[in-house]
Amino acid sequence: MKKFFRVLIFILAFQMEVRVRASGDFLQQPTECLKAQEACAVQVIGKSLHYSSKTLKMHAKEGSTLVRLSPTQWRFVSGALWLENSRNVEVETLYGSLKATQGQYFVIEQGHRVVIRNMDATLSVTLRDGKTLRLPEGFEFWIAGLNSKGQSDYGMIQPVDMKAHLPLWNSLYEGSKKDFITLVSHLRENWGDLTEKSALIYQNAVEREIASEKEKERAEQARKARIQAERQEMKRLYHERVFER
C-alpha cells in the first residue's frame, strides 16, 4: 500500500510541475533522480527515452510513464516499453509482474490490458492472482484484471503480430536501418515455425486442462467416498450404543 501511494504522489507531482521539471526529452521527479539510486518517476515527453544501467537497458515511447522503485524493480504505468536487456530486473504492471533472466521483451499498454511480447527472453509473468506463466520467445499475450471468480484474466498465447509490432520496434531502435533488418531477420530465424509451436502450446494447454478436470473428478470421488465412510461409521457407532448395550 505504501508503494502505491508513493507512485501516486510521483504521478501527481508530474501534473503539478511539468513546466519546472522538464529535462531533455523526459521529466523526472525528483529532479535528476535517474542519476541517483533513489525512487524516481519518469514521463517521456519527447520521441522516446533510452536508458541504461549495469542491470538494465530499456527504451520507452513518447507518452510513457515509469517509476523506478529500486535499481532492480520498476513499475510500468503507461505507454510502451522495450526491455532490451533486463537481467533479473522485475517490471511491475497493474495486472502482474515480469522478470527475465536474459533477452528482450516488450510491455505495451492497450486500453484496460497490458500486452507482453517476448522477442528472445527467458521470461516469466506472475499474475495478480499468484499464477505464474512462462511466455515462449516469439509469442505474445495480454493480461488484465481479476474476473468475477477472483482469477486474473489473460489472453491466449499466440505468435507475435510482427506487422503490428515492427513500427513500434523500429521507432525505438537506435541503430541503422540495416542493423534493424538484420536483428529482426535473426530473431525470426531463431523462432522457427511458430505455427507448429502454437499447435504444441495449445495441445499442452488442453492436456493440462483435461488432467486438471480428471484430478478434480478424482478428488470429488474421494470426497464422496470419505463422506460415505464417515456416515457408515456413525451408523455403526449409533447401533452399538443403542442396541448392543
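Guide: Happy to! A salt bridge here is a side-chain nitrogen of Lys or Arg within 4 Å of a carboxyl oxygen of Asp or Glu. Please keep in mind that this is a predicted model.

Visitor: What makes E140 and R117 a salt bridge?

Guide: Their closest N and O atoms are 2.9 Å apart, and the cut-off is 4 Å, so the pair qualifies. E140 sits in strand 15 (residues 139-146) and R117 in strand 12 (residues 113-118), so the contact ties together parts that are 23 residues apart in sequence.

Visitor: Why is E140 called buried?

Guide: Buried means under 20% relative accessible area. E140 has 8%, so the word applies. R117, at 6%, is buried by that rule too.

Visitor: How do you know that R75 and E92 meet in a salt bridge?

Guide: The N to O distance is 2.8 Å, and that is within 4 Å, so the pair counts. R75 belongs to strand 7 (residues 73-78) and E92 to strand 9 (residues 90-92), so this bridge links parts 17 residues apart in sequence.

Visitor: Is R75 buried or exposed?

Guide: Buried: its relative accessible area is 19%, and the limit is under 20%. E92 is buried as well, at 10%.

Visitor: How many salt bridges does the structure hold?

Guide: Four.

How values were computed:
Residues are numbered from 1 along each chain as its sequence is written. This is a predicted model: local features need pLDDT of at least 70, side-chain atom pairs count only at pLDDT 80 or more; totals for chains, interfaces and linings use all residues. Side-chain values use heavy atoms; hydrogens and water are left out. Helices (H or I, at least four residues) and strands (E, at least two) are DSSP runs, numbered from the N terminus. Buried means under 20% relative accessible area, exposed over 50%, partly exposed in between (1.4 Å probe, protein chains only).
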